[in-house]
Amino acid sequence: MASVNGGNGSLSWGIVPLNWNSTNLATMSYGYRSNYLKSANDQLRYQIQWFYAGNNEGTEPVNSGDLVNVIFKVETSVDSVNWKTIGTVKKSRDIANRRYETGLVAGGHRFTIDVSQLVSDELSYSLCPINKGTWQSSFYGGMNGGLTMQDNVIGSNTASGYPISNYNVSENGTFRRVRVSATFEVLDGNGQIVTATNTKSSPPYVTVINSVNQFERDSVYYDKYNVDFSTGYNFLTRCPNWSGGSTNEDFKKPVRIDEQAEWLQFYIRRNYSFEIRGVNLDDVVGADAIKIVTYDSSGIENTFYLRDFEDNLLTQESNGFILPANYQNQMFIQNISPSYIINSGNVWLPDNNRDNNPSNYPYWNPYTSKTITIDTVYYTAELVKVGMWGNKTVRVVSNTYKYTIDREDEKNAYGFVRFHWLNSMGGIDSYTAKRDVVEGLTISRDVVERKSGDRTWYQDDQGYANNAPFNVPDSLYVSDTMRGGDIYKGGREVSNVNADRVQSVYTEPLNKSVAKWLEEMLLSPNVWIEMDTEATQMGNARNPYLGNARNPYLRPSDKEYIPVIITNSDAETVNQAEGLVKFNIEYTLAHKVITQRN
């Protein structure tokens with residue numbers, strides 16, 4: 001506890017998002033007390049407790065130095081260095097608590113706020129460009145949600161400017177580090193409210209993600225999604241294609257061989273790992289990757305690693321070696337789609353000679369064998385950490401996620417429809433629907449009535465047939481408008497056409513656990529489909545200033561995310577009589593059909 005400088009009594013943090021076995025919250029919290037990872041859509045309460053001279057919650061502050069108000073300062077950051085104040089909240093004491101059997105009032109005063117709504121406004125989503133291994137920076141994410149940034153800076157006083165603007169970027173939309181500190185207002189000797197001189201520093205920082213928990217189903221503790229030094233962590237998805245405790249260990253998520261965007265998103269708190277070299281040995285990690293194992297009909301086919309996300313790890317120098325830092329506290333994403341694996345060239349094996357060459361970080365060698373082949377039936381993906389020293393153990397720290405290769409040809413005229421959406425864990429999920437694609441328009445019109453032309457007079461361009469002075473040569477007309485002949489307009493006219501392009505598609509038959517996962521798409525505020533059009537190809541167009549080379553960084557695919565709005569008003573996820581169910585996904589493009597105004 002700490003005293004109030006310029007005031008009476010002592011102060012302590014009460015209810016806070018992160019607590020320990022030894023704190024006064026130990027007996028009122030479930031076993032996962034080290035809950036560093038939180039949902040921005042659950043309560044995030046911070047409480048100051050003030051005790052002085054036997055005061056209780058029903059006692060008014062009347063003495064000089066009594067605490068009147070607590071001012072909470074709420075800050076967020078993505079890098080734990082550059083903090084942004086998103087709000088200050090002045091709070092008077094809470095309503096008094098009374099014992100259930102005696103009616104006695106609790107001792108001291110308590111000041112409690114919930115910062116979840118403030119913090120949730122900072123979060124949206126972040127998309128990694130299709131066919132890219134990972135986003136450029138974990139701190140800035142990929143294609144972020146929220147308001148469109150102002151884009152009016154060219155970075156130079158010349159007409160050409162610079163091709164890259166440092167101003168029109170926003171921070172990663174998927175996570176925020178949060179800290180809350182407190183200052184105090186007390187009574188002075190004249191009964192006036194004045195500011196005390198001290199500040200109560202923040203309790204341990206937490207990270208919030210844009211996730212949601214359902215009351216009837218989900219735990220609010222994210223210890224299994226907060227990658228640390230142990231094992232058995234989950235990626236930020238509730239797709240039931242994982243083993244290691246899953247209720248549906250036989251389900252393998254279908255992915256097509258030509259798909260370029262299948263994502264694994266995850267949050268790393270600490271990178272070092274217990275016993276990665278063996279019992280009681282150094283636990284330093286030298287490399288991180290997604291381990292891919294492919295299987296053919298006879299068993300294991302190939303084993304290799306994807307490490308694009310590792311380039312975004314924080315690093316440190318130790319005895320001349322470059323190492324990934326222990327504390328990361330940031331979000332990562334990795335593309336594991338079949339097309340990316342086959343065509344990217346970013347496939348690796350661990351370099352076991354790393355301790356002989358301190359300068360060769362990152363510690364990987366190119367993998368030169370085949371990856372996914374015509375014989376591959378399915379593959380698995382796991383997050384691994386590779387020890388820096390000794391036997392350089394490859395330790396699997398996540399559960400195992402399974403993907404089956406879907407080799408069905410696109411036989412219909414419209415092709416298949418691939419959806420991506422912000423899932424309930426704040427990550428990005430995807431699914432390809434392939435049955436009964438329907439496309440159309442819904443149209444409405446705004447109609448006004450305008451003056452009609454005068455039909456009484458029709459201008460005669462010949463005059464009298466044999467009287468030349470009345471003849472009017474065709475070349476003398478300055479317009480094709482005729483007096484009395486302008487019946488092409490007037491009356492009721494359409495002033496504006498409103499049109500939406502509406503589409504629908506059916507899923508494959510789904511079992512219960514898969515249907516429960518896929519219903520998240522219907523509940524998500526952000527859904528996209530992949531489209532390949534002239535507009536999307538422009539982002540991937542050849543650049544004559546780069547020797548006609550395609551841009552591998554910004555938009556490395558002809559396909560692009562196009563936002564849609566799911567219009568289903570209901571969806572059947574379980575049908576005991578019928579067994580497997582199918583979703584009819586109805587949607588409309590979020591960008592309206594553009595029409596002319598009259």
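Modeller: A residue counts as buried when its relative accessible area is under 20%, as exposed when over 50%, and as partly exposed in between. The model discussed here is a predicted one.

Biologist: Is Arg256 buried or exposed?

Modeller: The cut-off for buried is a relative accessible area under 20%. Arg256 has a relative accessible area of 8%, so Arg256 is buried.

Biologist: Which residue meets the side chain of Arg256 in a salt bridge?

Modeller: The bridge has an N to O distance of 3.3 Å.

Biologist: How many salt bridges does the structure hold?

Modeller: One of them joins the side chains of Arg99 and Glu101, with 2.4 Å from N to O. Arg99 is partly exposed because its relative accessibility is 49%, and Glu101 is partly exposed because its relative accessible area is 42%. For the structure, the number of salt bridges is 30.

Biologist: How many residues apart are Arg217 and Glu519?

Modeller: These two residues form a salt bridge, with their closest N and O atoms 3.9 Å apart. The pair links distant parts of the chain: Arg217 lies in the loop between β12 (206–209) and β13 (226–227), and Glu519 lies in helix α3 (residues 512–523). Their separation in the chain is 302 residues.

Biologist: Of that pair, is Glu519 buried or exposed?

Modeller: Arg217 has a relative accessible area of 40%, so Arg217 is partly exposed. Glu519 has a relative accessibility of 16%, and therefore Glu519 counts as buried.

Biologist: Where is Asn271 placed?

Modeller: Asn271 counts as buried because its relative accessibility is 0%. Leaving aside neighbours within four places in sequence, Asn271 is in contact with several residues, including Val285, Pro324 and Lys385. Its place is in the loop between β16 (263–270) and β17 (285–296).

Biologist: Which side chain does Asn271 join through a polar contact of 3.1 Å?

Modeller: The contacts of Asn271 beyond its neighbours within four places in sequence include Ala325, Asn326, Gln328 and Asp288. The polar contact of 3.1 Å is with the side chain of Asp288.

Biologist: How much space lies in the largest cavity?

Modeller: A search of the whole structure finds one cavity of 30 Å³ or more. The space in the largest cavity is about 90 Å³.

Biologist: Which element supplies the largest share of the lining of the largest cavity?

Modeller: The lining has 14 residues, and Thr237, Glu262, Trp263, Leu264 and Asp429 lie nearest the centre of the cavity. At least two lining residues each come from β16, β26 (400–406) and β28 (428–433). The largest share is three residues, and the element that supplies them is β16.

Biologist: What percentage of the residues in the protein is buried?

Modeller: The protein has four helices and 33 strands. It exposes about 31000 Å², of which carbon and sulfur atoms supply 48%. Of the 598 residues, the buried part is 47%.

How values were computed:
Residues numbered from 1 in each chain as written. Predicted model: local features only at pLDDT ≥ 70, side-chain atom pairs only at ≥ 80, totals over all residues. Heavy atoms only, no water. Buried < 20%, exposed > 50% of the residue type's maximum accessible area, 1.4 Å probe, protein only. Areas by Shrake-Rupley, 256 points an atom, 1.4 Å probe, with all protein chains shown as cover. Polar contact = N/O pair within 3.5 Å; in protein donor to acceptor, adjacent residues only side chain to side chain. Contact = heavy atoms within 4.5 Å. Salt bridge = Lys/Arg side-chain N within 4 Å of Asp/Glu carboxyl O. 1 Å grid on protein atoms, 1.4 Å probe; cavity = no way out; pocket = protein on both sides within 12 Å on 5 of 7 lines; lining within 4 Å. Points joined across faces, edges and corners; volume = space filled by probe spheres on them.
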